[in-house]
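Please open the model in a viewer and keep the selection panel at hand.

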Amino acid sequence: MAVNKFMTARDAIARVKDGDRIMVGGFGLKGTPFPLVRELGKSARKNLTVISNDLGSPNEGLGVLLTNKQIKTLIGSYYNWNIEAVHAYYNGEIEVTLVPQGTLAESIRAAGAGIPAYYTAASAGTDLGRDKEIREFGGKKYVLEQAIYADIALIEARKADRLGNLVYSKTARNFNPAMAAAAKYTIALVHEIVETGELDPESIITPHVYVSAIVKE
Amino acid sequence: MKELAKEEAAERVAKNAARLFNDVENPFVLNLGVGIPSQVSNFITNDNIFIQTENGMLGAGRLAKPGEEHPMLINASRRSVIETKGCVYLDSCLAFGMIRGGRVDATVLGAMQVDEKGNIANWTVPGGNQLGVGGAMDLISGANKVVIAMIHTNKGRPKLVRQCSLPVTGFAEADIVITEMAVFEFKNNGFLLTKIAPDAQLSDIESLTEFAFAVANPLEIMLA
């Protein structure tokens, strides 16, 4: 019999420890697992490194974790949608590593695929590429980028079957499949659960092996 | 030249950017940045063009009208858009793999500065209240053609400069620059003025452009 991965948001979030590296799916508040983020916001977990594209909006989505002062470090590509994150960085309250969005995606993918590092042209020669190793291939400059790993991933999907196979919804897919594979423990917030065998195998985006826990909205 | 209202200038830039692509005869993948570039889709009339949005879609349609929005469907500017026939959803890795892998024929982006070497500065202003790069560096280094669509000056101060003073997003990557006054193409290590607005004089462009440029003969007239 298959392992039961279903649990409450509270039990799932109890896995998070102080100082953990946490990936959170979403782009511009689409594909963000809101109930999981809210639960993390209610917990007393601190000194978190949050890896995500953006930080939602002020006090909305991931913005809640900033309001609660649970964040030590951010790794992501775009914080201009949350002016409070911008202020917190310039006031020295949090550390931020800014990563080009495609590099963020690929570094997360690399972590899940067992690739420790790779080269990409994005940021070569710029301020964001300043401390990175540069190598030329075919006359073009590339920077060495390392995989980005996490302890926990909080992701959002439309539907799961009982094994934990996932399908997504439109542009809410974004970083979620890559993060599912990159973290040691992945918690999926889903809107619907179906029996195993009901999802078309051709439509499944995230195979169940990448999903540790499932929380129904 | 008489200064245009902001909206009128933006619309003219978007219209002239769309014109670059409206006669392509083969399938053409186009990515549009935030601001003026996002308005380009309003003027695209060619079914061969497939709009790619880096948050995860190939075949994005126009902006959604009230009632057409889907809660899980936005473009990279966080605006609700509609689907087109044959559209595909992409995760972020595939969306950027497509960009890096050379499958995006062109990207249209805004900029704060472009210099005589085709260097582009469009991601941050030191000392400003900004903290984000988004997909700008991946798009500029990955897209086959980079079109900069912007207002010619920043309140009268040239944005087309000899050398970028702002942090550069990508080096020697600008292929075409479109403003409300002029269209420049990067050719033979420098910019060539190829089109001029119907209400602009060459002397207007020279006085508001810091970098030196060659002038095409004949010079085409832009859409008003």
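Two strands are said to pair if DSSP finds at least two bridges between them. Helices (H or I, at least four residues) and strands (E, at least two) are DSSP runs, numbered from the N terminus. This is a predicted model, in which local features need pLDDT of at least 70 and side-chain atom pairs count only at pLDDT 80 or more, while totals for chains, interfaces and linings use all residues. Residues are numbered from 1 along each chain as its sequence is written, chains are lettered from A and ligands numbered from 1 in the order in which they are written, and side-chain values use heavy atoms, with hydrogens and water left out.

**Stop 1: a sheet in chain B**

Select β6 (residues 113–115) of chain B together with β11(B); the two run parallel and are joined by 2 bridges. Within this pair, B:Asp115 has B:Val161 of β11(B) as its bridge partner.

**Stop 2: the domains of chain A**

Colour chain A by domain: domain 1 covers 9–99 + 148–216 and domain 2 covers 114–147, with bounds from an automatic or database domain assignment. Their centres, taken over C-alpha atoms, are 27 Å apart.

**Stop 3: strands of chain A**

Select β7 (residues 140–146) of chain A and β5 (residues 117–120) of chain A, an antiparallel pair with 4 bridges. Here A:Tyr118 is partnered with A:Glu145. Next, show β6 (residues 134–137) of chain A, which also runs antiparallel to β7(A), with 4 bridges; A:Glu136 stands opposite A:Lys141. β6(A) and β7(A) form a hairpin with 2 residues between them, and A:Gly138 in the turn has a positive phi of about 55 degrees.

**Stop 4: where the chains meet**

Display both chains. Counting heavy atoms within 4.5 Å as contact, 46 residues of chain A touch 36 residues of chain B. Which residue of chain B forms a salt bridge with A:Glu106? The partner is B:Arg100, with the closest N and O atoms 3.9 Å apart; a salt bridge is a side-chain nitrogen of Lys or Arg within 4 Å of a carboxyl oxygen of Asp or Glu. The count between chain A and chain B is 2 salt bridges. Finally, select α4 (83–90), β4 (95–98), α5 (101–112) and α6 (176–182) of chain A, each of which supplies at least two residues of the side that touches chain B.
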